[in-house]
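Reader: I am new to reading protein structures. Could we go through one together, beginning with a sheet?
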Amino acid sequence: MAIGPTTPLTYDSKIVIVGGAGTIGSSTALHLCRRGYKDVTILDVYGFPADQDKYGPSQSAGASDINKHIGATNSGTRGEITELTMDMWRTDPVFKDHYHEVGELSAAAEPAHIAELRESYEDQLRHPVRFKHVKWLGTRDEIVRYCPHLANAQIDGWQGIWSAKAGWGAANDAVDSVGRELKKFGVRMVFGESGTFDRPIIDPVTTRCIGVVAKDGTKYEADRVIMATGAWTPSLVDLQGQCVSKCWIVAHLELTAEEAARYKAIPVVYNEEVGFFFEPRLIKNYEPGKDSWIIKLCDEFPGYTRFMERQPFGADHPVKVSVPRSHSAHPTDTVPDEGMKRLRRVVETMLPEFAQRKFVKSYMCWCTDTADAEWLFCQHPQHPGLFLCTGDSGHTFVCLPSSGSVTADLLEGKLSAERMRKLAWRPGQGDPGHTGRGGPEPLDLGKLPGWTHGDDERAE
């Protein structure tokens, strides 16, 4: 649908990316620079990981993590760009040193979940390339053959897919690598108060977005503004309920060097009824002056919300939206008491050797879901020049190398009609294809004890 005029897009157009140090924002900046755009500015509250000494560490969004699962998918637009994604992880100099192809076991024990995995496996067998790299594991012995570290785990009844061409990406390192590449291109980067979005600048005559105002009052003129603000988007721009921001919980176990050696290069293990974990990483300066071997693990559940009243841009009155709470701003936050029990279950089930070991860190990681788990990549229907690139639905970091190509195509008018339909502004559409998360509704953090340690702003 035509929504009005914008200035012509040229390689000299001023492009501002809000949330530009995150997954979608940094990927967008990279693809725009590689296509020849010369005037790209990224704004963000926190800088890239290497900038944390100056701006503080970003520890709440999906890209701010020690590792993330990397693998092919058949789902939605992410599936359509899977081959580009995986090729870039393996060969692109910005990304290849941060991808570890250790394989992945994706398993379940409940009959309904096993049936879903089997359907996915059959789909992969029909793929012209992927069929060579997957195998169905139907017994405990078969699973232990590919994942010997699970020999003592509670995996009776598990079945699932072994994928040889999958693994994990070093999230912080990969995003930092993008940041270094953007500096080579001369991208303007503004962090802190001057990089924190306050509102768009709207031309009162044309209703066109012509820039951004930051929290400290700094104004940035732009021909195109891209809101790649992840879980914060619904509280910044009125999305009319298209996205709901949720968080999932993460925990770290510290291992000795000897223990870490035993788990070196293990595959990623994911069970959709329990959770998942990765091989240990040596994290430099994990605590001031101390390097530590860390296993990251997560449980599997519908997530948490945090509904509050806000009046985002475009809303004519306050509305209830789920508002993230930044771990960077609240570093003492952990996870709710009931979530801690699920995290312990991950360890007891998959890593029984460490069943009694205390976590050295636990926290919440935020993303924003669309009902159908497809991205929301579109121009704002009332404001030409304002583009929304959000709705990661917990699955976008794998597309760090490639998601920006979709944004660049959107700006250049190169998206197919079918892809534009999938990614369109679509309030009230829901999940007609049943491609979303499904399952029970998330619990709201406002009703759960144990995570804020007394400083939740709603209680102040």
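Reader: In what order do the six strands of the open sheet come?
Author: This is a predicted model. In it, the order of the six strands is S9-S2-S1-S13-S24-S23, and their pairing is mixed.

Reader: Which strands stand at the edges?
Author: Those are S9 and strand S23, residues 376-379. Each has a single partner strand, so one side of each is left without a neighbour in the sheet.

Reader: By how many degrees are neighbouring strands turned against each other?
Author: On average by 15°, with direction ignored.

Reader: How do S13 and S24 run, and how many bridges join them?
Author: Strand S13, residues 224-227, is parallel to S24, and three bridges join the two. In one of these pairings, Val225 of S13 has Leu386 of S24 as its bridge partner.

Reader: Which strands does H11 touch?
Author: Helix H11 packs on the sheet and touches S1, S13, S23 and S24. The direction of H11 makes about 20° with that of S23.

Reader: What is Ile42 in contact with, beyond its neighbours within four places in sequence?
Author: Its contacts include Ile17, Phe48, Leu182 and Met189.

Conventions:
Residues numbered from 1 in each chain as written. Predicted model: local features only at pLDDT ≥ 70, side-chain atom pairs only at ≥ 80, totals over all residues. Heavy atoms only, no water. Contact = heavy atoms within 4.5 Å. Pairing = 2+ DSSP bridges. Helix = DSSP H or I, 4+ residues; strand = E, 2+ residues; numbered from the N terminus. Axes fitted to C-alpha atoms, helices over the stretch in contact; angles between N-to-C directions.
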